[in-house]
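Please open the structure in a viewer and keep the selection tool at hand.

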Amino acid sequence: MTRSIGKLLVANRGEIAVRVMRTARRMGIGTVAVYSDADATAAHVAAADEAIRIGPAPARDSYLRVDAILEAARIAGADAIHPGYGFLSENAAFAEACAAAGIVFVGPPAAAIRAMGSKSAAKQLMERAGVPLVPGYHGDDQDPGLLAEAAAAIGYPVLIKASAGGGGKGMKVVESAAGFAEALASARREAANAFGDDRVLVEKYLTRPRHIEMQVFADSFGQTVHLFERDCSIQRRHQKVIEEAPAPGMTPERRAAMGRAAVEAARAVGYVGAGTVEFIAEGDAFYFMEMNTRLQVEHPVTEAITGQDLVEWQIRVARGERLPLGQEGLAIAGHAVEVRLYAEDPMKGFLPQTGRLAHLALPEGQPGIRVDAGVRGGDTVSVHYDPMIAKIIATGADRAEALGRLARALDRTEVVGLRTNRTFLAAIARHPAFAAAELDTGFIARHEADLLPAETAPDGLTLALAAAAVLGRRAGAAVAEADPADRWSPWTCTDAFRLNRPRVVDLLFEVAGATQPLRVECVPGGLTCEALALAYDLDGWTEAGGRILFTADGRRRSAAAAFDGDRVALFLDGAETVLRVVDPRAAAGDEGGGAGRIAAPMPGTVVAVAVKPGDQVEKGQALIVVEAMKMEHTLRSPRDGKVAKVNAAAGDLVAEGAELVVLEEG
Ligand code: ADP
């Protein structure tokens with residue numbers, strides 16, 4: 001039976017919503033966006049033909065509300081809903097509610113979602129279907145003693161996973177029996193919080209595996225194919241960072257074997273639509289990990305090597321059509337690699353960053369580069385949703401060409417206003433071990449020292465540009481009421497203006513662990529300092545930063561700058577330097593026992609307090625656990641000492657920077 005789809009509602013936000021709408025529009029289908037109060041002017045709303053508000057910013061009050069989304073579909077007259085990934089995409093009740101409302105759900109049957117929804121149940125099913133599994137316990141009995149025995153029988157290290165899990169939540173590696181009870185309790189809390197289900201499974205933790213997944217597709221006529229593999233082994237804490245297709249070193253025999261197992265897995269649950277069967281591979285062996293019953297974040301690399309549009313395939317299958325191609329019609333051409341550009345701070349343990357994107361330049365339009373972005377310059381990355389800024393996908397005739405293009409594209413990416421993992425991604429793209437395809441899930445941890453931005457002293461040009469940025473901001477602040485056209489002029493020297501004499505300004509930067517004094521003289525059109533004369537012009541400048549068009553050594557170039565409190569970030573030729581602007585008047589005092597105060601790294605909820613005043617603690621000991629963005633962060637003691645104060649209790653909501661535990665003066 002074929003059904004026509006005239007109007008598609010996308011029950012999602014960000015890049016995936018924008019991307020789905022692009023295909024729908026090309027297919028002549030009308031598009032409807034839904035949005036929360038935080039997203040009224042978001043990119044996905046701008047990309048849609050029409051948009052409907054579904055509730056307040058928190059996802060549970062908007063993007064996770066089945067009733068609000070179905071009501072929006074009714075109001076708009078949409079006849080189909082695409083769930084994207086995340087949110088309601090793997091919610092069987094939502095798929096059923098769509099059907100009950102007479103709306104086509106662009107995804108698999110509810111029964112297939114349910115069958116694969118529990119990692120434990122899926123494993124039991126796959127075991128029966130003869131698909132290989134990692135040795136482990138995935139039973140229903142959840143007694144802690146029994147789980148500990150299972151772990152001992154499997155042999156340490158083991159991995160505890162939330163049965164309902166996803167996104168690494170509720171997942172804990174346990175090295176030895178001594179750590180099992182604490183890890184189990186934490187995994188359960190995290191799982192209960194994130195999924196409302198605290199059941200776990202325990203399996204052997206493989207120490208140097210690769211993550212290889214197969215894209216599968218099935219239609220409602222019983223035809224199931226695979227669209228080859230993706231290698232997603234470059235991960236941080238079990239979360240994908242870079243994905244590529246095809247997997248380096250994959251032999252045709254192995255591809256065929258994994259493809260067969262994946263198609264088997266899909267058939268076992270009566271699958272229809274797009275799905276991904278994830279395997280963990282070590283040596284020649286591969287094991288079923290889980291099946292994701294939706295489109296994956298990394299689907300563009302498959303589109304790049306197959307030349308197919310997977311969203312178009314999804315819509316065709318949802319309309320009741322046959323798969324556009326059979327297995328024999330599919331082939332791999334070239335190589336593709338994708339990076340996930342995140343608003344996060346690699347120097348602070350990759351903490352998610354929130355705030356306004358003062359400036360955003362993405363490498364769109366370059367040869368072999370595809371950018372899927374969900375935000376635009378001026379947008380805000382909020383605490384409510386995933387902090388992904390964009391996916392950058394590079395394609396080449398071979399892997400080397402794709403990696404070269406990726407590295408250059410990252411150099412040309414500028415994000416001002418928020419810290420990102422951009423230079424970290426570029427460092428991976430250029431790393432010799434990555435070029436040599438030495439891939440496994442421990443890659444990042446092993447090479448971290450090479451990948452984190454180097455703390456090297458900045459050169460004279462970078463310092464001069466930082467000075468230009470600081471002066472630009474000061475001028476702006478000083479003449480906020482002046483002629484708007486001239487407001488950000490760097491030579492608007494209203495603070496120490498001296499007729500016919502250059503203004504001399506002393507600045508103090510803290511960078512790469514050292515303080516760096518800099519004396520500059522403001523001259524018309526620029527500044528001079530220590531043998532460097534810099535003529536510059538501030539373009540699109542705001543209080544938060546902008547671009548600096550400059551001429552130094554006779555070359556005209558540009559840099560971008562952004563402020564974040566007392567810090568200025570400079571982007572020049574692909575490099576990023578963050579300098580703290582020290583106010584000499586405030587520099588004295590304020591030392592205050594630094595290492596003895598443990599503060600919340602981000603806004604969140606305290607889930608456990610492990611110490612009380614008077615306790616003796618050791619360096620590295622867990623003090624308090626804060627949950628933010630559905631992940632637990634264990635705050636540990638920075639040194640040996642005695643607890644003086646505990647300012648939080650389980651259940652407390654805490655703001656970023658809130659002082660939670662204080663140690664006695666050491
Ligand atoms: P989630 O659904 O929470 O993302 P997955 O089951 O997909 O969790 O696993 C995520 C990642 O965790 C995998 O890609 C892999 O790196 C790692 N992982 C999972 N199972 C194992 C295992 N048994 N041994 C080693 N690493 C594993």
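The stops below begin at the ligand and then move to other parts of the chain. Please bear in mind throughout that this is a predicted model.

**The ligand and its shell**

Select the ligand together with the residues around it. The shell holds 21 residues, of which Lys119, Gly168, His211, Gln235 and Glu290 come nearest. Sorted by class, eight of the shell residues are nonpolar, seven are polar and six are charged.

Next, display the side chains of Lys119, Lys161 and His211. A ligand oxygen lies 2.5 Å from a side-chain N or O atom of Lys119. For His211, the corresponding distance from a ligand oxygen to a side-chain N or O atom is 2.6 Å, and for Lys161 it is 2.9 Å. On its own the ligand has 550 Å² of accessible area, and the protein covers 96% of that area.

Which strands supply at least two residues each to the shell around the ligand? Colour strand E7 (158-162), strand E9 (200-204), strand E13 (273-282) and strand E14 (285-292) to see them. By domain, at least three shell residues come from domain 2 (119-133 + 212-333), and at least three from domain 3 (135-204).

Thr276 counts as buried because its relative accessibility is 0%.

Then go to strand E7 and step back to Pro157, in the loop between helix H7 (144-154) and E7. The peptide bond leading from Tyr156 into Pro157 is cis, with omega near 0 degrees.

Select Arg237 and His238. Arg237 sits in the loop between strand E11 (224-236) and E12, and His238 is also placed in the loop between E11 and E12. Although Arg237 is not a glycine, its phi is positive, at about 50 degrees. His238, likewise a residue other than glycine, has a positive phi near 65 degrees. Is each side of this pair buried, partly exposed or exposed? Arg237 counts as exposed, at 67% relative accessibility, whereas His238 is partly exposed, at 28%.

Follow the chain through strand E12 (239-245) to Pro246, in the loop between E12 and helix H9 (252-268). Here the peptide bond from Ala245 to Pro246 is cis, with omega near -5 degrees.

**Helix H10**

Select helix H10 (residues 299-306), which is mostly covered, with seven of its eight residues buried. Those buried residues are His299, Pro300, Val301, Thr302, Glu303, Ile305 and Thr306. Just after H10, select Gly307, whose phi is positive at about 75 degrees.

**Aromatic pairs**

Now show the aromatic side chains. The whole structure contains seven aromatic pairs. One of them is formed by Tyr63 and Phe87: the pair is stacked, at 5.1 Å centre to centre and with 25 degrees between the planes. The two residues are 24 residues apart, with Tyr63 in the loop between strand E3 (50-55) and helix H3 (66-76), and Phe87 in the loop between strand E4 (80-82) and helix H4 (92-100). Tyr63 is buried, with a relative accessible area of 0%, while Phe87 counts as partly exposed at 29%.

Continue to Phe350 and Phe424. Their ring centres are 4.8 Å apart and their planes stand at 70 degrees, so this pair is edge-to-face. Phe350 belongs to the loop between strand E16 (344-345) and strand E17 (351-352), and Phe424 to helix H13 (residues 422-429), 74 residues apart. Both Phe350 and Phe424 are buried.

Select Glu15 in helix H1 (residues 14-26). Glu15 counts as buried, at 6% relative accessibility, and its side chain makes a polar contact of 3.1 Å with the side chain of Lys391.

End at Leu570 in strand E30 (residues 567-572). Leu570 counts as buried, at 2% relative accessibility. Select Thr462 as well: Leu570 and Thr462 are 108 residues apart in sequence, yet 7.5 Å apart in space, C-alpha to C-alpha.

Key
Residues are numbered from 1 along each chain as its sequence is written. This is a predicted model: local features need pLDDT of at least 70, side-chain atom pairs count only at pLDDT 80 or more; totals for chains, interfaces and linings use all residues. Side-chain values use heavy atoms; hydrogens and water are left out. A residue is near a molecule or strand if one of its heavy atoms lies within 4 Å of it. A polar contact is a pair of N or O atoms within 3.5 Å; within protein, one must be able to donate a hydrogen and the other to accept it, and residues adjacent in sequence count only if both atoms are side-chain atoms. Accessible areas come from the Shrake-Rupley method with a 1.4 Å probe; for residues, only the protein chains shown count as cover. Helices (H or I, at least four residues) and strands (E, at least two) are DSSP runs, numbered from the N terminus. Ala, Val, Leu, Ile, Met, Phe, Trp, Tyr, Cys and Pro count as nonpolar, Asp, Glu, Lys and Arg as charged, and the others, Gly among them, as polar. Domain bounds come from an automatic or database domain assignment. Rings of Phe, Tyr and Trp (its six-membered ring) pair if their centres lie within 6.5 Å; planes under 30 degrees apart count as stacked, over 60 as edge-to-face and the rest as tilted. Buried means under 20% relative accessible area, exposed over 50%, partly exposed in between (1.4 Å probe, protein chains only).
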